[in-house]
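I am keeping these notes as I look through a structure, one entry per topic. Each entry records what I looked up and what I found.

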Amino acid sequence: MKNTAFKNSTVNAAKYLPALAVMTFATSAFAQDAATATTADATTVGLKAIGAGLALGLGAVGTGLAQGPIGAAAAGVVAERPEKFGQMAIWFFIPETLVIFGFVGFFLLK
């Protein structure tokens, strides 16, 4: 049985991506020509915060999407062959590095 719920939610999310991009960058399109240093600093800090949040958030989402099927398969393997637990644990923890990389990126941007 295919996971159509995930596919449908991905398609629905893709519909709103152009609108999100327009709303995100519309403020910079209507900005005045002569911006003060304070505004530029605030924009830089804000964009760094958005980047840090995306680094951590998307890393966590990627890990969650990867670990679901891997965990189900690992549980099946361990149920049939308990001696494979160590190998399956390694395969289960590999996607967790995405969150670690996102966490590092979070602190580098902060």
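**Entry 1: terms and ground rules.** I first wrote down the terms for accessibility: a residue is buried under 20% relative accessible area, exposed over 50% and partly exposed in between, with a 1.4 Å probe and protein chains only. The model is predicted, with local features needing pLDDT of at least 70 and side-chain atom pairs counting only at pLDDT 80 or more, while totals for chains, interfaces and linings use all residues. Residues are numbered from 1 along each chain as its sequence is written, and side-chain values use heavy atoms, with hydrogens and water left out.

**Entry 2: the salt bridge.** I looked for salt bridges, meaning a side-chain nitrogen of Lys or Arg within 4 Å of a carboxyl oxygen of Asp or Glu, and the structure holds one. Its partners are Arg81 and Glu83, whose closest N and O atoms are 3.3 Å apart. Arg81 counts as partly exposed because its relative accessible area is 42%, whereas Glu83 is exposed because its value is 59%.

**Entry 3: the whole chain.** I then listed helices (DSSP runs of H or I, at least four residues) and strands (runs of E, at least two), both numbered from the N terminus. The protein chain has four helices and zero strands, and its pattern along the sequence reads α-α-α-α. Of the 110 residues in the protein chain, 10% are buried. For accessible areas, which come from the Shrake-Rupley method with a 1.4 Å probe and for residues count only the protein chains shown as cover, I noted that the protein chain exposes about 8,700 Å², and that carbon and sulfur atoms supply 74% of this area. With contact meaning heavy atoms within 4.5 Å, I found that 76% of the contacts with a separation of 6 or more join residues 24 or more positions apart.

**Entry 4: Gln67.** I picked Gln67, which is found in helix H2 (residues 37–80). Is Gln67 buried or exposed? Gln67 counts as buried because its relative accessibility is 16%. Leaving aside residues up to four places away in sequence, Gln67 touches Phe92, Pro95 and Glu96. The side chains of Gln67 and Glu96 are also joined by a polar contact of 3.2 Å; such a contact is a pair of N or O atoms within 3.5 Å, where within protein one must be able to donate a hydrogen and the other to accept it, and residues adjacent in sequence count only if both atoms are side-chain atoms.

**Entry 5: aromatic rings.** I checked rings of Phe, Tyr and Trp (its six-membered ring), which pair if their centres lie within 6.5 Å, with planes under 30 degrees apart counting as stacked, over 60 as edge-to-face and the rest as tilted. By this rule there are four aromatic pairs. One of them is Phe103 with Phe107, edge-to-face at 4.9 Å centre to centre and 85° between the planes. Both residues lie in helix H4 (residues 96–109), four residues apart, about one turn of the helix. Phe103 is partly exposed because its relative accessibility is 43%, and Phe107 is partly exposed because its value is 49%. Phe107 also pairs edge-to-face with Phe106, at 5.3 Å centre to centre and 85° between the planes. Phe103, Phe106 and Phe107 form one aromatic cluster.
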